[in-house]
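Reader: I would like to learn how to read the features of a model with some care. Could we take them slowly, one at a time?

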Amino acid sequence: MEAMFASLGGEVSHIALAMHSGLQLLIWSVFAELGQPLIRVVLSVLPFWRNFENLKTGSGKLVWDYIPASAAVALWRATAALACLCGHWQGVPQLFNVGLTIEISYRLNDFVLGALGVRRHSGKPWQVRGVLMLYNSFSILLAVPAAVSYSDDPDVRLLVLLLIGSGAALAAVVPLQYIFNPMTLGGCKALLGLQVVNLMIFLWCRFIVSIYTRNSIHTRVLSMLYARDPTRAYVFAAGIFGVSYGFSGIIAVLLFQRIRKARHAGTKVKHLLKYFQQNKKDNVKENQAYIWSSVKFTDFLIGMPADMMSTGPWCGMRSKGFKKA
């Protein structure tokens, strides 16, 4: 194990990176499939879990199945971000590269699932899967030279950390938002606050740090690459300003739309709760089930990128809302 860890330090070969990424792909793919029942058992003891009994997402999947699946992805992404953060903070390229191999394994897994249209990409439009496959390809092309040639450069490590960290934060929100129980007024307010914070983090990492700061991180990395290899600098610029900014812009717009709709949903939940109180409907479970079926939670709950993009007008699809079984 120490020898494998040491192979990710200093001059990292493409073969060593491929071996580590393949190992991480095997480990985390198995975890994503077999770890969901364990996650479900852990979550079932928490108070919020019973609130979603027999409720379904707009695609007809049980919320009890959707939350563990999204939690497995969130743990995958969070582990990559944490390893990169520790490696960058402590100046340990080996640890940083471990995080990169975990992120590469996720991108490979997501690329394959998107190409096959299965698991979390099942039923998604080809436009959405195509965009995600393009972005996954760019992410891998960015991560490989970052690990092989530039993991000792603090600017490169910071740039990669910003991209991976903001993606991990977005993935973490997907299962966390259910803890607040959006079928209550307090839950709606807490959910709205969580979404606002998440959008601010995403915009800061993807745009503000890169554009609106003097001598931005992208400028420094681009200058360094151009001094070493102009061809790589051109490829980097095309990927960052074409693929990354474009994809990040789509996600930012979708997040902003969900924040707006969450505000309106809070008003609707407030009126429904007032109606139940006036008519002395005291069965909390039935009341929340009615709220779940009446309020289109798909329109404002944050989902994985494929889920959010699949409800966009460019896909010719319309959000179906959430249903009670």
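Author: Let us begin with a polar contact, which is a pair of N or O atoms within 3.5 Å, where, within protein, one must be able to donate a hydrogen and the other to accept it, and residues adjacent in sequence count only if both atoms are side-chain atoms. In this structure, the side chain of S21 reaches the backbone oxygen of L17 at 2.8 Å. This is a predicted model, in which local features need pLDDT of at least 70, side-chain atom pairs count only at pLDDT 80 or more, and totals for chains, interfaces and linings use all residues. Residues are numbered from 1 along each chain as its sequence is written, and side-chain values use heavy atoms, with hydrogens and water left out.

Reader: Is S21 buried or exposed?

Author: Buried means under 20% relative accessible area, exposed means over 50%, and partly exposed lies in between (1.4 Å probe, protein chains only). S21 has 5% relative accessibility and therefore counts as buried. Leaving aside residues up to four places away in sequence, S21 touches T101, I104 and S105, where contact means heavy atoms within 4.5 Å.

Reader: Which residues does C188 touch?

Author: With residues up to four places away in sequence again not counted, C188 touches N181, P182, G266 and V269. C188 also counts as buried, because its relative accessibility is 5%. The C-alpha atoms of C188 and S137, which are 51 residues apart along the chain, are separated by 36 Å.
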